[in-house]
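Hi,

Here is the structure I promised to send over.

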Amino acid sequence: MNIHQYYPIDVVNGPGTRCTLFVSGCVHQCDGCYNKSTWRLNSGVLFTEEMEDRIIADLNDCRIPRQGLSLSGGDPLHPQNVPSILKLVKRVRDECKGKDIWIWTGYLLSELTAQQRDVVDLVNVLIDGKFIKELADPSLLWRGSSNQVVHKLR
Ligand code: SF4
């Protein structure tokens, strides 16, 4: 998996103070996408074991308490990203007690594959659906257009 950006301290993408990872790769091609540069799977830089270790360490850093991890992009549930994302969310569950995980995807919860569901089964909140320009509303919390749904899963 490749990534575009990692913010070790973020107060914009989800509730509270968080770590946020923007991954590469998205097939949805939404008109008005805010992050077109992430569409290509091979854009950005390789997500390494060191990067994964750093996220775990940042989430456990008590000097700046984080509420959890946000995964966005690109699309963290792009089929080619799923193995790396699954490994990461499993580690967060095992090694970062009490931290929540939020994921943004262009897929619909109802259409996920078994592999994508394995990831979603471990996260707290999934925001699903493509961005639809005609339904865009800046007053919405955690989503760009009103068709998207914030699913609180646990
Ligand atoms: S799902 Fe997100 S990243 Fe992908 S095209 Fe749509 S708005 Fe852009």
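Below is what turned up, starting with the ground rules.

This is a predicted model, so to speak of local features we need pLDDT of at least 70, side-chain atom pairs count only at pLDDT 80 or more, and totals for chains, interfaces and linings use all residues. Residues are numbered from 1 along each chain as its sequence is written.

Ligand first. There are 13 residues around the ligand, and C26, C30, C33, G106 and F131 come nearest (near: C-beta atom, placed from the backbone, within 6 Å). The shell splits into 4 nonpolar, 7 polar and 2 charged residues; Ala, Val, Leu, Ile, Met, Phe, Trp, Tyr, Cys and Pro count as nonpolar, Asp, Glu, Lys and Arg as charged, and the rest, Gly included, as polar.

Now the strands (DSSP runs of E, at least two residues; helices are runs of H or I, at least four; both numbered from the N terminus). Strands pair if DSSP finds at least two bridges between them. β1 (residues 2-10) runs antiparallel to β2 (residues 18-23), with 5 bridges, and Y6 sits opposite L21 there. β1 is also antiparallel to β3 (residues 45-46), through 2 bridges, with N2 facing L46.

The G73 to G74 peptide bond is cis, omega near 15°, and G74 is in the loop between β4 (68-72) and α2 (82-95). Q29, in the loop between β2 and β3, is a non-glycine residue with positive phi, near 50°. Q29 is exposed, with 10 other C-beta atoms within 10 Å (exposed means 12 or fewer, buried 20 or more, partly exposed in between, C-beta atoms placed from the backbone).

Cheers
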